[in-house]
Amino acid sequence: MFGTVLLGRLQGSAGADRAMGLFINTLPLRLDLDGTAVEASVRTTHARLAELLTHEHASLALAQRCSAIAASAPLFSTLLNYRHNKAPAVPGSGTDDVLSGMEWLGGEERTNYPLTLSVEDFGEALGLTVQVAEPISADRICGYMQRSLEQLAEALEHAPDTPVRELDILPAEERTYLLEDLNRTEEAYPTEQCVHELFEAQVQKAPEAVALVCENERLSYGELNARANRLAHLLIELGVKPDQPVAICLERSLMMMVGILAILKAGGAYLPLDPAYPSERLRQVVNDAAPRLLLCDVVGRAALGPEVLTEVTVIDLETATPAWAERPASNPDRHTLGLTSGHLAYVIYTSGSTGTPKGVMVQHRGLVNLLSAQVGLFGASSNSRVVQFASIAFDASAWELLMAFGSGAALHLPAEEIRQARNKLSDYLRSEAITHATLPPALLQTSKDPERLAAQVLILAGELPKPELIRSLAPASMVNAYGPTEATVCATIWTCPADFNGSVVPIGRPIANTRVYLLDGHGAPVPFGAVGELYIGGAGVARGYLNRPELTAERFIASPFVEGDRLYRTGDLARYLPDGNLEFLGRNDDQVKIRGYRIEPGEIVARLCEHAWVREAVVLARQNGGGHKHLIAYVVCAPEAGSDEGGGGALAGALRAHLSARLPDYMVPSAFVRLAALPLTVNGKLDRNALPAPSDQAYALAAYQLPQGEVETALAQIWAELLGVERIGRNDHFFELGGYSLLAVQMLGRASNLGLSFSATDLFRAPVLKELASQICLQVQPSNSAVISVRPNGSQPPLFFVPSGFGDCSYVLGLAVEMDADCSVYALPWPPFDDVRPPTFEAMAAEVIVAIKQIQPRGPYRFAGYSSGAILAYAIAERLLSSDEVVSFMAFIDVSLPGASSNASLKNLAREFVLDRCGTLRDEYREVLERDTEQCSISRKGRSKQSCSKRRSKQER
């Protein structure tokens with residue numbers, strides 16, 4: 001659709017051609033760029049223009065009214081003007097006598113449209129004039145038009161039956177740049193190897209190196225390989241063959257990784273099942289994939305249920321006397337097994353638009369290429385420490401596993417409670433000296449201090465991060481990774497420059513041996529900078545969907561650009577930025593991302609419509625009042641649902657319970673809005689803009705009772721702000737109102753600022769407001785909100801406990817219970833650590849003393865310190881003593897403090913008990929700490945009234 005300029009004189013009477021004045025008019029013209037032959041298309045265009053001439057005096061407002069398009073929407077944004085011009089006059093030729101004696105000063109054309117194209121007809125020659133809004137290049141538009149005219153003329157002369165949509169508008173140079181130059185990613189990689197062979201190569205290099213760390217357990221590469229090999233030999237005996245899916249459903253543990261490696265070594269394809277998912281969802285996956293073997297533990301058994309367990313052969317990986325213990329520890333020979341790089345490594349299920357999850361089949365070859373790309377991009381090595389954050393059922397877990405085991409690095413598995421709490425995760429990353437972390441932006445965007453999430457390489461994946469998040473993060477090698485499961489985890493990478501200050505976070509360029517194309521609806525490349533659907537080709541393209549040949553044929557197509565290549569049609573929209581990086585622009589369908597999870601609303605709708613109360617439904621993502629994106633369900637109810645008069649959240653509660661039993665929690669909508677009918681546009685399509693924002697009635701609210709007391713009232717206010725619900729009652733359930741773990745972390749922070757002290761565990765155990773409030777007492781907290789009040793009351797002076805530099809205060813609670821002293825107990829924070837301007841121990845002590853004096857203005861003071869915290873406690877005591885304060889008690893736990901040594905300065909103590917016990921540190925961290933200890937001038941003095949030293953042996957620990 002474009003506007004065309006009409007002369008306005010053709011319908012006039014005699015003399016209209018000589019009348020003075022401006023008669024031109026603009027009216028819309030629609031052309032069909034479809035399969036119609038070019039000759040027929042030209043004749044149809046001619047006929048439509050001729051028909052339009054009969055309306056040349058009609059106003060554009062009349063055309064707007066006849067179009068049934070809303071007045072606020074323009075009929076067209078592009079204008080075409082065909083102008084008949086004289087050839088330029090030749091001076092002295094007498095051909096321009098009418099202008100004789102006039103001086104031409106100049107002229108300038110202006111347009112009110114974003115794009116105006118004028119065809120200049122000089123009689124024997126044609127010219128093109130383009131006016132276009134920046135930053136689009138007018139020269140490029142002229143080039144596209146010239147190319148189109150050349151193609152049209154050639155087709156009319158030689159192939160008049162060519163479909164008009166097949167005319168190529170791209171100049172040859174631009175076409176080559178888009179299809180070839182931007183996709184020059186060829187790199188050598190071991191195409192014939194299987195992914196577990198790369199792990200075995202690291203075992204050969206350094207069998208004693210640490211491979212896995214899970215809480216207090218760790219395995220070397222040699223031990224991990226031996227355990228996986230023994231289990232693999234058992235699987236081979238049980239009949240595992242190449243391409244055969246083998247299910248694995250365990251909680252996070254060392255054995256989870258042993259099981260994955262064993263399946264790969266046996267030639268099977270591992271089928272990951274997260275025991276946190278609802279049983280019905282897990283049964284759907286198992287029924288579709290039909291595995292014959294299942295590796296699990298007690299948690300996995302409970303999640304799957306007895307119905308599934310009776311249909312498969314179950315191998316319990318938790319047994320004290322495993323059946324595979326006596327099997328060989330040698331590597332199975334893949335050639336004997338008939339295993340090649342073209343066989344499947346895993347099958348991971350993603351959300352399906354039809355209501356059924358679909359299993360993506362990923363081959364060894366794609367994973368090997370991914371690993372080769374990772375090594376070049378991120379520099380992981382045997383000195384690296386990679387955190388395994390993602391769920392086993394999310395393909396990012398394979399990304400993390402490859403990065404560690406393919407480079408000889410250590411893979412660290414944080415406990416589930418650490419994964420769910422951002423504040424604990426940041427401490428974990430620091431305490432474990434993690435070098436490589438892959439995290440969803442949603443985890444960081446809710447944080448008040450995302451810069452504390454330290455890692456040498458921070459990879460953001462799962463959804464598009466906001467520019468302000470990128471700018472707020474601590475300096476690191478920061479990467480934005482993009483890729484669907486169907487392209488083996490990752491297809492493009494953008495590395496953030498140190499001086500980034502842009503308004504767009506790109507998804508970058510293709511990784512090694514990967515090709516990306518932006519195509520229009522007919523599979524043709526769009527011009528550089530135009531929006532197109534993203535297609536991915538190359539080594540990472542998956543085999544397809546398990547048991548879904550029709551869907552595989554639809555989404556995986558033969559490449560028209562590279563012979564023998566296949567393309568995956570992502571459904572994502574993107575465009576090229578001027579520097580050649582890709583900008584992600586969303587979906588061309590209804591698919592959404594919530595907190596890093598890719599979700600097909602159609603699957604949720606299908607489950608909703610299974611409920612007897614629901615006749616029609618639609619699900620979309622909206623932001624609530626707190627700025628958080630949530631899923632909202634709009635339902636048209638059947639008569640069985642009854643009336644919604646009387647309010648409450650009965651409908652929302654029933655539908656939430658229905659979905660919670662069938663879908664993962666991230667796919668359960670926060671609100672359920674009841675509608676008499678779904679709003680439609682004039683074209684009969686769903687009018688999404690007319691869907692109302694959810695009211696309080698749309699949430700699973702319990703029967704309202706006013707919050708009672710100061711604690712309930714404070715909690716209710718926090719919940720209302722975070723959840724976007726106007727009125728919270730004392731019977732309401734945090735998670736049923738749409739709460740999730742990241743919001744829970746924010747709630748803990750806000751509650752702490754108000755003096756409400758509780759943990760995430762308390763919330764999960766008592767998610768109803770009145771139940772949670774009953775476990776909380778309102779305390780007068782120090783203004784430094786990081787100070788933790790462990791025991792608020794006591795008749796004796798308080799005990800201030802300094803934890804280790806890792807910041808874990810969890811053990812202080814147990815220690816306070818064991819103490820028989822009648823005193824209050826506080827856990828003191830370490831001040832924030834600035835790598836650029838690191839504080840001395842004296843400065844840190846001075847800062848902590850400010851918080852101490854807000855609680856206890858005068859001595860006598862009592863301190864305890866654990867590990868490196870004992871050094872800081874010692875510095876605090878020294879500073880107080882130098883100010884003539886009294887320190888009556890000092891306790892040092894798990895730290896050596898020589899009684900009489902000339903070398904016992906705080907500098908040497910810090911070097912010995914902080915630096916030497918930290919093991920392998922990032923080089924810049926060690927440099928900062930060493931510089932800090934050199935600057936320390938406090939020497940050991942013996943002025944405390946009483947001292948106590950306690951050290952546990954390694955066996956006791």
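**Figure 1. Overview of the predicted model.** Of the contacts between residues at least 6 apart in sequence, 67% join residues at least 24 apart. The model shown is predicted. The protein holds 29 helices and 37 strands. It has 957 residues, and buried residues make up 51% of them. The accessible surface amounts to about 44,700 Å². Carbon and sulfur atoms account for 51% of that surface.

**Figure 2. The largest cavity and its lining.** Searching the whole structure gives four cavities of 30 Å³ or more. The largest cavity contains about 130 Å³ of space. Its lining consists of 16 residues. Closest to the centre are V195, L264, L367, L401 and L402. By residue class, the lining has 14 nonpolar residues and two polar ones. No charged residue takes part. Rolling a probe the size of a water molecule over the atoms shows where empty space is left.

**Figure 3. The buried face of helix α20.** Helix α20 spans residues 650–660. Its buried residues are L651, A652, L655, R656, H658 and L659. Viewed down the axis of α20, these buried residues fall within an arc of 160°, so they line one face of the helix. The cover over them includes both helix and strand elements: α19 (601–608), β29 (614–623), β30 (629–637) and β31 (671–675).

**Figure 4. H658 and its contacts.** This view stays on helix α20, where H658 lies. H658 has a relative accessible area of 10%, which makes it buried. Which residues does H658 contact, leaving aside its neighbours within four places in sequence? They are R607, E610 and H611.

**Figure 5. The cis peptide bond at P860.** The bond from G859 to P860 is cis. Its omega is near 5°. P860 sits in the loop that runs between α26 (841–855) and β35 (861–866). Most residues other than glycine have a negative phi, and most peptide bonds are trans.

**Figure 6. A433, a non-glycine residue with positive phi.** A433 is not a glycine, yet its phi is positive, at about 50°. The residue belongs to the loop between α15 (422–431) and β16 (436–439). Is A433 buried or exposed? A433 is buried, with a relative accessible area of 9%.

**Figure 7. D884, positive phi in an exposed setting.** D884 also is not a glycine and has a positive phi, of about 65°. Its loop connects α27 (868–882) with β36 (887–893). D884 is exposed, with a relative accessible area of 65%. A433, by contrast, is buried.

Figure 8. E157 is part of helix α3, residues 138–158. Its relative accessible area is 62%, so E157 counts as exposed. How many residues separate E157 and E39 in sequence? The separation is 118 residues. In space, their C-alpha atoms are 9.5 Å apart.

Conventions: Residues numbered from 1 in each chain as written. Predicted model: local features only at pLDDT ≥ 70, side-chain atom pairs only at ≥ 80, totals over all residues. Heavy atoms only, no water. 1 Å grid on protein atoms, 1.4 Å probe; cavity = no way out; pocket = protein on both sides within 12 Å on 5 of 7 lines; lining within 4 Å. Points joined across faces, edges and corners; volume = space filled by probe spheres on them. Nonpolar A, V, L, I, M, F, W, Y, C, P; charged D, E, K, R; others polar. Buried < 20%, exposed > 50% of the residue type's maximum accessible area, 1.4 Å probe, protein only. Helix = DSSP H or I, 4+ residues; strand = E, 2+ residues; numbered from the N terminus. Arc of directions from axis to C-beta. Contact = heavy atoms within 4.5 Å. Areas by Shrake-Rupley, 256 points an atom, 1.4 Å probe, with all protein chains shown as cover.
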